[in-house]
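User: Got a model here. Can you walk me through the fold and the ligand site?
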Amino acid sequence: MGKRSLIGLDIGSRMIKAVELTESRDQVELSALDVIEVPGPGHLRDALRELVGRGGFHTRRTVTAVSGRAVIVRYITMPTMTDEELRNAVRYEAGKYIPFEVEDVILDCQRLDEEGIAAPAVASPGSGMGSTAATKTDEMRVLLVAVKRSFIDDHVALLEEIGLVPSIVDVDSFALGNAFELQNVLRPGSHPVDRTVALVDIGSYKTNINILVGLASYFTREIYVAGSDFTEAIGKRLTIDPSQAEAVKRNPGPRTEEVRETVASVLDDLCHEIFLSFDYFKTQFDREVDEIYLSGGGSLLLGLDETFQRTFGKQPVRWDPTEALTVRADRMNPADLRSMAPLLAVPIGLASRIRKEER
Ligand SMILES: Nc1ncnc2c1ncn2[C@@H]1O[C@H](COP(=O)(O)OP(=O)(O)OP(=O)(O)O)[C@@H](O)[C@H]1O
Ligand SMILES: [Mg+2]
C-alpha cells in the first residue's frame, strides 16, 4: 500500500498550526509540522502564504476548520430512519435549530452511534454524508452542523488562493475529539470505554469543549473567553501595550504575583462557564465528567491548574496528542515537539481525517 499524506491546518486567531500526517500500513507518521504567529488582524493571508511558501509538506491536500458564531452545532433526537430519509428530514428540521435561513447555510448531519462517532464535515468536496449502521431503537441522536455558505466559500477561496487543495472543512471541537480518538485507536486500551472525558482547548479567542463518553461525543460548546482575555487584563492593570502584556503573561518573572491576581477573575469566569457546561451535560445525561484534558496555548497560563483544581475538585490532565504518532527523530527534535504539543490537538485532529478517507 502506498503512503498518503494530509495536512491539518488549524488557522487559530493567534497561531496558525500545520501538521502533516502520513499513513502507511498501521502507522501514522507526523511527517511535517510548522507553526506561525498571526501578528494581528489583517495579517492572516500573508502569514498563511509564508507558512505554505516555507514548503516542508509533501502534499497540498488540506483539512481546515471553521469556528465561531457562524457555525451552529446541535445534538438533536429524531425518530430512527435511514440515512437517505435523514438527509431529507434534516432540511425541514434544521429551521427549528438554526438562526439563519436554511437556503443560506451548508448543512451536514450524522447519526451518533454509541461508540466512535464519525463527526460530520461541514464541507467535503466530492463526498457526501458518511453512512453508519442503523440503530435498532425508535429514536436516534443526530449531530447537526450548519455553517453560512458565504463563510465557507470565503474560507475555501482563501485556501485555494494560497495554493492549497481543500479536502474537508471541519469544526474545531470535532477535531479535538478526533485527535483524542486517534490517540486511543493507535494505543488501544489506553482509555476505559465508559469513562467521561471533557476535552478543553483554550486558545486565544475562544475555548472549545467536547465531552466524550468513551470515544463518542455528547456535547460540544465554544466559550468566548481565552488567552487574549488574560493578555488584555494584564495590559490594563499594568498599563502596558498588548505585545508587552503578552510577554509578561508568558514570562512573568518578578511580576508573578501581580499577574496571578490580575488574571484571577478572568480565569474564574472561564472556569464558571466550563462548569455550567458540565452541569448541563450532567442534567442531560446523568453523568459526571471524570477527567478534564487540557490543550491549547491559553492553557499554559500560570496558575491555571490550581483554579481548575479548585473549581472542579480534580487536577486537569495535560495530554500530548503527538504521543502515539510515529516521529522521525532525524526530522523533528523531540524536545521541540514536546514543547509544542499543547498547541497540536486541533491540527492533529484535522489531519486525522486521513484515516477515514476512502482509498
Ligand atoms: N506560556 C504561555 N503562557 C500563557 N499563555 C500562552 C503561553 N504560550 C502561549 N500562550 C497563549 O496561547 C494562545 C495561543 O494558543 P493557540 O494557538 O491554542 O490559540 P489559537 O488557536 O490561535 O486561538 P483560537 O483557537 O482561539 O482561534 C495565545 O493567547 C497566547 O497568548
Ligand atoms: Mg485554536
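Analyst: A definition to start: two strands pair if DSSP finds at least two bridges between them. Strands are DSSP E runs of at least two residues, helices H or I runs of at least four, numbered from the N terminus. This is a predicted model: local features need pLDDT of at least 70, side-chain atom pairs count only at pLDDT 80 or more, and totals for chains, interfaces and linings use all residues. Residues are numbered from 1 along each chain as its sequence is written, while chains are lettered from A and ligands numbered from 1 in the order in which they are written.

User: What order do the five strands of the open sheet take?
Analyst: The order is 3-2-1-4-8, with mixed pairing.

User: Which strands stand at the edges?
Analyst: Strand 3 (27-37) and strand 8 (165-171). Each has a single partner strand, so one side of each is left without a neighbour in the sheet.

User: How many bridges join strand 1 to strand 2?
Analyst: Eight; the two strands, residues 4-11 and 15-24, run antiparallel. Arg-4 has Glu-23 of strand 2 as its bridge partner.

User: Switching to ligand 1. Which residues are closest?
Analyst: Gly-12, Gly-203, Ser-204, Gly-227 and Gly-297, out of 21 surrounding residues. Near here means a C-beta atom, placed from the backbone, within 6 Å. Helix 5 (227-238) and helix 6 (242-250) each give two or more residues to the shell.

User: Where does ligand 1 lie relative to the domains?
Analyst: Domain 1 (4-66 + 160-188 + 320-356) and domain 3 (189-319) both give residues to its shell, so ligand 1 lies between them. Those bounds come from an automatic or database domain assignment.
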